Amino acid sequence: MSTQINIGFLLFPGLTQLDLTGPAQVLSRVPNAKIHLAWKNTDPVITDVGFCITPTTSFADCPQLDVLCVPGGFGIGDQMIDQDTLKFLRDQGSKAKYITSVCNGSLILGAAGLLKGRKSACHWIWKKYLAKFGAEAVDARVVRDGNHISGGGVTAGIDFAYVLAAELAGEETAKMLQLGLEYDPQPPYDCGTPDKAGLALVDKVMALQIERIKKIEPNIEKASSSLLNRS
């Protein structure tokens with residue numbers, strides 16, 4: 001692409017900031033790319049770690065995006081039933097060249113009706129809910145299905161960004177970006193997936209998240225029912 005590439009992230013309260021900031025850091029260096037952070041207004045938005053990110057554009061003023069990306073976080077519950085958010089995603093998704101997500105942001109895309117019949121990555125805790133939106137969960141760091149590209153949980157968003165960068169600007173450029181950002185992950189522990197971590201550690205993580213999951217599940221049901229009624 002020789003003209004400006006508009007890459008837009010949905011910004012919303014309670015998002016996991018690395019779902020957004022990891023890919024944004026990589027994609028901002030794609031030649032001719034312009035990053036947009038879209039929310040209902042341009043007031044600062046609180047993230048899951050307590051600091052705020054300021055939107056660059058409102059939904060109403062956001063240009064047509066070439067790449068639409070939805071990050072995840074525990075704030076997804078509200079967004080899955082928010083009609084302003086869902087309309088924004090449907091409107092942008094109807095003309096975007098690429099429809100993408102990171103972590104459980106895929107569930108918001110599902111609620112907007114943008115994942116039906118598609119394969120998608122998702123955080124391991126949340127992947128089982130994709131079926132409610134007619135999508136197929138795939139255990140992979142990055143999944144591509146047509147013009148849909150998705151990253152798995154949180155840190156997978158960085159891998160996703162390099163795949164997308166290669167799509168937008170070529171593999172050589174993506175490799176240069178990886179080198180420039182010294183992306184050479186060497187995790188101190190080999191327990192980044194449930195299979196590697198083992199049941200005992202998985203149970204401990206689930207125990208810490210179960211109350212949050214219970215709060216979000218009713219909105220997942222409401223969103224999937226609403227989508228079924230629209231079909």
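**Briefing: ring contacts and strand pairing**

Arg212 lies over the face of Phe74, 4.4 Å from the ring centre; a charge sits over a ring if NZ of Lys or CZ of Arg is within 6 Å of the ring centre and within 35 degrees of the ring normal. This is a predicted model, in which local features need pLDDT of at least 70 and side-chain atom pairs count only at pLDDT 80 or more, while totals for chains, interfaces and linings use all residues. Residues are numbered from 1 along each chain as its sequence is written, and side-chain values use heavy atoms, with hydrogens and water left out.

**Aromatic pairs**

- The whole structure holds five aromatic pairs (ring centres of Phe, Tyr or Trp, its six-membered ring, within 6.5 Å; planes under 30 degrees apart are stacked, over 60 edge-to-face, the rest tilted).
- The rings of Phe59 and Phe88 are stacked because their centres are 4.3 Å apart and their planes at 10°.
- Phe59 is buried, at 12% relative accessible area (buried is under 20%, exposed over 50%, partly exposed in between, with a 1.4 Å probe and protein chains only).
- Phe88 is also buried, at 6%.
- Ring pairs join Trp39, Phe59 and Phe88 into a cluster.

**Strands**

- Strand 1 (residues 5-10) pairs with strand 2 (residues 33-39) in the parallel sense over six bridges (pairing requires at least two DSSP bridges; strands are DSSP runs of E, at least two residues, and helices of H or I, at least four, numbered from the N terminus).
- Gly8 has His36 in strand 2 as its bridge partner.
- Strand 2 also pairs in the parallel sense with strand 5 (residues 57-58), over two bridges.
- Trp39 stands opposite Ser58 in strand 5.
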